[in-house]
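Hi everyone, thanks for making time.

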Amino acid sequence: MTPLLELRGVHHGYRQGGLFSRRRQPVLEEAGLTIGPGECVALLGPTGSGKSTLGRLMLGLEAPEAGRILFEGQPLRDARGRVAPATRRAIQAVFQDPFGATSPRLSAFAVVAEPLLAERLPAAELRARVAGLMLRVGLEPGLMDRLAHRLSGGQLQRLCIARALAPGPRLVLLDEAVNSLDLETQGRILALLADLRRQAGVAYLFITHDLRLVRGFADRCYVMQERRPVEVADPFGPGPQPPALAALRAAILPARPRSRGPLAHETLTTGAAPRQPIQQF
Ligand SMILES: Nc1ncnc2c1ncn2[C@@H]1O[C@H](COP(=O)(O)OP(=O)(O)O)[C@@H](O)[C@H]1O
Ligand SMILES: [Mg+2]
């Protein structure tokens, strides 16, 4: 079966130190990855390991220096570097910071309606479509006329998910999409994403540096190791694992307690990065 999206032998990097500098920082080398139709694939790795770069390449926002990116077996970008409009609609993304990803001037309605404007629907029909999308992500359509930035962080991230679903995508990239939310909201949004996947059959690329979030969520996992994704059969299982995965595991699994103490407390706090909820529901 043709993969939905495939990277083959991708190389990419960035110039370092100013416009005329010749120094280049390699970020991806011989990177390969496949996502099948309807599959949920996790891409793990520490901050700075190139996960978002890989995501931008998959959206066609940047061209790789070398290698191929195929969507449904066809090159993602044409010879002039353009992504066909149908493909652009088919690959949507949700990012970490919903406030940064939306304009403070737009209403909730306008945020969700934006990808539908090209369809030139009659006004009433457009409102009905937006209301339907808001209901799908668990938002009251009555919030439609509010400024998007007056919503809570969790509500606004739901709105961004509704916007991503609006054009009927085949693949949604979730780049640290729940990391900035408080734990309870994270749980609710992960459950919502799992539901949407069952209903709509979309595939996800779930990018995160937090191993805990992929448990029970991803069908397959890759870990960034030496500038390329390496597939791991079971990121929580025993046996040899790539060093980058071992580091991610060490960050969440508490070290053996030195003395018998209040274990529950240690388990909850050891190694976990402090969470900064944007706003509560
Ligand atoms: N637009 C850019 N210009 C220059 N360097 C970049 C740019 N984007 C990312 N980088 C660098 O590339 C490396 C990988 O970044 P990124 O893909 O954002 O990693 P991750 O998402 O895993 O944290 C980092 O060292 C980062 O500083
Ligand atoms: Mg990133």
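The protein chain holds 8 helices and 10 strands; helices (H or I, at least four residues) and strands (E, at least two) are DSSP runs, numbered from the N terminus. Keep in mind that this is a predicted model: local features need pLDDT of at least 70, side-chain atom pairs count only at pLDDT 80 or more, and totals for chains, interfaces and linings use all residues. Residues are numbered from 1 along each chain as its sequence is written, while chains are lettered from A and ligands numbered from 1 in the order in which they are written.

Of the 281 residues in the chain, 35% count as buried. Here buried means 20 or more other C-beta atoms within 10 Å of the residue's own, exposed means 12 or fewer, and partly exposed is in between, with C-beta atoms placed from the backbone. Among contacts with a separation of 6 or more, 69% link residues 24 or more positions apart; a contact needs C-beta atoms, placed from the backbone, within 7 Å.

Now the sheet. Six strands make an open, mixed sheet, in the order E6-E7-E8-E3-E9-E10, where two strands pair if DSSP finds at least two bridges between them. E6 (91–94) and E10 (228–232) are the edge strands with a single partner each, so one side of each has no neighbour in the sheet. From one strand to the next, the twist averages 25°; axes are lines fitted to C-alpha atoms, for helices over the stretch in contact, and angles run from 0 to 180 degrees between N-to-C directions. Helix H5 (residues 153–165) packs on this sheet, touching E6 and E7, and its direction makes about 175° with that of E6. Strands E7 (residues 171–175) and E8 (residues 203–208) run parallel, joined by 5 bridges, and Leu174 sits opposite Phe206 in E8.

On to ligand 1. Which residues are around it? They are Tyr14, Val27, Gly45, Thr47, Gly48, Ser49, Gly50, Lys51, Ser52 and Thr53, counted by a C-beta atom, placed from the backbone, within 6 Å. Helix H1 (residues 51–58) gives the most to this shell, with 3 residues.

Last, some backbone angles. Most residues other than glycine have a negative phi. Glu30, in strand E2 (residues 24–35), has a positive phi near 50°. Glu72, in the loop between E4 (66–71) and E5 (74–75), also has a positive phi near 50°. Glu72 counts as partly exposed because 15 other C-beta atoms lie within 10 Å.

Key
Two residues are in contact if their C-beta atoms, placed from the backbone, lie within 7 Å.
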